[in-house]
Amino acid sequence: MKFTHEPMLWFLLVAFSLVAIGLYGLLSRKSLLKMIISTEIIVNGANVGLAAFATQHGADGVIIAFFAIAIAALEVAVGLTLLIILVRKYGISFPEKLNNLRW
Amino acid sequence: MLLYFTILFLVVIATAIAAIELTNFIWVLVAFATLLTEIALFYFSLGFPLLGAFQLAIYAGGVAILVLFAILTIGEREEEQRESKLAAGVALATFVTGVIASIWIGIQTKPYLEISLKEIAQVFMDKYALLVIPLSFTAVGIIYGAYYLLTKKLQKEE
Amino acid sequence: MEVLIYLSVLLPIFGAPLIWLISHYTNRWYSWYLSLALTGFSAVVALTVLLGVATGNTYSHSFEWFNFGGISVPFGIFVDGLAAVVYAVAALLGFLIIVYSRGYMEHDESPHRFFMKMTFFIGSMLGLTVSNNLIAMFIFWEFMGLASYLLIAYWYYKNSAADAGLKAFLMTKFADGFFLAGIILIWWYTGTLNVQELNSLAAAGAIPLFIAAAAALLMFGGAIGKSAQFPLFPWLLDAMEGPTPVSALIHAATMVNAGVFLVGRLFDFYEYSKVLYVIMAIGALSAIIAVLGAMVHREIKRIIAFSTMENLGLMFVGLGAGSLAAGIFHLVSHATFKALMFLSAGNVIHFTGEKDAFKIRGLMKIMPITAILFLIAVLSLAGIPPLSGFFSKEWIVYEAKVSGDPIVFAFVLTAAVLTIYYGFRLWFQIFTGEPNEVAKRAREAYPVMLIPLFILAALTFLVGIFHKPIVQLIEKHAHIPHDWALTILVFSLMAVAFFAAWAIYYKRWINTEQLLRDPIMGALNKAFYNAFFVDFVLRWLAKNFVVEFIAWLAHWIDRNVYDYIVNGVAKVALKAWEKARVIQTGDLIHYLTIFAAGAIVLYYFYLVIL
């Protein structure tokens, strides 16, 4: 099925819901895996917004979404690498232990 | 149409919350993969089949599998949760702000543009082609960095 | 020609360090040849310029040195008759003194240092005389202050010399503060520093009188310090610690003339600002103090130093009485005979090794040529025709009489008449009688020390004989007035003074030792000897006011106010750190939360602003 004239409000609502949920997850979880997944949810929310705007303003939004997907995939690759290394060193819920920059 | 959107919307929200809230990483991954697929459906419905295909291939395919391997490496369960009212408040504020902003921006809607694949390719070649070069270097650097970290770090530990 | 004038100034100044460098790595005495070359070049240029000016040319060139914020700082030269005469005197006498120094400094360890400083000094004075604006004059003025410090303290390992250098430096710097203030006042008000423009502005009456008077007085404050007038003269007497050529250079060719030259250069401005009377009064006061001091002192060089101070006072009287030509012409004639006097005294000191005039007797039989040259200088100093001193000093006495102030006239007359007394007192004491032990150590001076003296003696005659063209050159249409009654009065008084000197120091009819046992005479002697205790008053002020009060206050403020503020800043920073560091939790999630909240707040902020 194809949307043709539905209000933008819907899609923006989807986008912002995803961003808010992702942010909540990012801020409230202890394991790095959940944090990476939250980040991905945020990026996806932004991509939905970009695609929605592309229907109104032209093709640039879609292209930026392409780039965002590509970069996000790379980011996941690095993030998971770090995850594996750090988990071996500190255990699964390590962000709390990474606090040697405190006073 | 509204019904279709509502179903999609509810599924997206539900899977997102599930991906955050579940404690078993396998189920988290399942919820996350569902979420990514649903978002691909959004792209198809908005008239961007290529973007949807990308989403499916890279996210629902590559990223999900990567996460699966990571889970297999580190173990299945999360140990504990963090209680954070501040995080909930910030997220809620973001959501409220988003709703306000989307009402502000999205109240007026023109009929959707028909953006063909050819047009996207045209704009890409005109504006963004050169961006691919630094992007590809960055990608190479990131991939090599990840590889280096994994191999050297693991070797050192052994 | 302008290029040559620039070179004549810049070559000695910038060549001075080169002299040191080259001579340091080759032969130290090469510095003499190098210095001779540089100052000789300047002297040749100066004489050429003097001839050119005498035929009616003036040389001027001006350019912008630098500018900032719409303020343009000029630089340039302007040589008219007045400047050319002083320029030529400074260059020629400087050259002759450099020649003479070869003999006087023969036993010196580091002549390259000496000649570097001397060359720099001469270059600075030449720059001062040709500059066309006050900024350039001030720069060269300060160069001279530096050079005089370095030269007076030349024998730096002697405490007295180091102290004397410091004293000269501090006193002249103190006065230079006034000079700078005057310059700033003029610049602030008129926006120009060019001396010609200032003179023409003053002649047109375009500057308010009180501004002009304040600026003129402030600049005269600088001249007081440089030209050693009351009350800032003690440095001149202590400056005798330096080598004798240095004294000759300071007294005859360069340093002390600068103050007189400054007033002469801005003469229209001074005339307009109505402060000439102050100049005249200070000049007369300095002259009388100096002549009384010269009468009772014992050291050869100190007597001559007092004599310099007296003659500078007379120059200021001449200027202050309203005659530019009288003051500057006396500067010229004084420069020639004072250089002659210092250098012949230098011969005496160098070959006897004795500074105290009262330990030397009967040098006439051992150093006859020096004795004759010294006599010529003394005669010129006393004002015997046809030597140069006669014309200039009579003129100044005449101007003082015409000015109508009886006290000034009395002071000037006394000073002018007593000159012959102390001059012949010195000469009779050193050169007449039977040679004593000290005198027998001596021999006649080397030719290199005598030839400059012959030239200077000839110059003394020449300036006397050709006084008319020189005066015309300094100021057009000026001429030396003749007042026969005054001349006869002065000469009869001078005859009495000469007779007194002859009776006391040649015939020895009166025993001075006995005379000094009388309490009144002893007290007078003490007062004259210490120049009416001006030095003590200055020292007392410096100790009790500057050191005990200002310096103490500055120290107190430094310790208790500035240190408190500085330490307080540190303490506040430390306390703030204690309080503020707890927000650095080091928790990544914490930071992210704050970041997200901040982003939202910024969004609302943006929304509200729009």
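## Helices and contacts in a predicted model

Helices α3(C) and α21(C) are oblique to each other, since angles under 35 degrees count as roughly parallel, over 145 as roughly antiparallel, 65 to 115 as roughly perpendicular and the rest as oblique. Their angle is about 125°, and their axes sit 7 Å apart. Axes here are lines fitted to C-alpha atoms over the stretch in contact, and angles run from 0 to 180 degrees between N-to-C directions. Helices are DSSP runs (H or I, at least four residues), numbered from the N terminus, while strands are runs of E, at least two.

Here's who does the touching (contact: C-beta atoms, placed from the backbone, within 7 Å):

| Helix | Residues | Residues in the contact |
|---|---|---|
| α3(C) | 81–104 | G81(C), L82(C), V85(C) |
| α21(C) | 467–474 | I470(C), L473(C), I474(C) |

By class, that contact has five nonpolar residues, one polar and no charged ones. Ala, Val, Leu, Ile, Met, Phe, Trp, Tyr, Cys and Pro count as nonpolar, Asp, Glu, Lys and Arg as charged, and the others, Gly among them, as polar.

This is a predicted model, where local features need pLDDT of at least 70, side-chain atom pairs need 80 or more, and totals for chains, interfaces and linings use all residues. Residues are numbered from 1 along each chain as written, with chains lettered from A and ligands numbered from 1 in written order.

Now for chain A: it has three helices and zero strands. Of its 103 residues, 56% count as buried (20 or more other C-beta atoms within 10 Å of a residue's own, with C-beta atoms placed from the backbone).

On to its neighbour: 74 residues of chain B are in contact with 64 residues of chain A. That side of chain B has 52 nonpolar, 14 polar and eight charged residues.

Terms used:
Two residues are in contact if their C-beta atoms, placed from the backbone, lie within 7 Å. A residue is buried if 20 or more other C-beta atoms lie within 10 Å of its own, exposed if 12 or fewer, and partly exposed in between; C-beta atoms are placed from the backbone.
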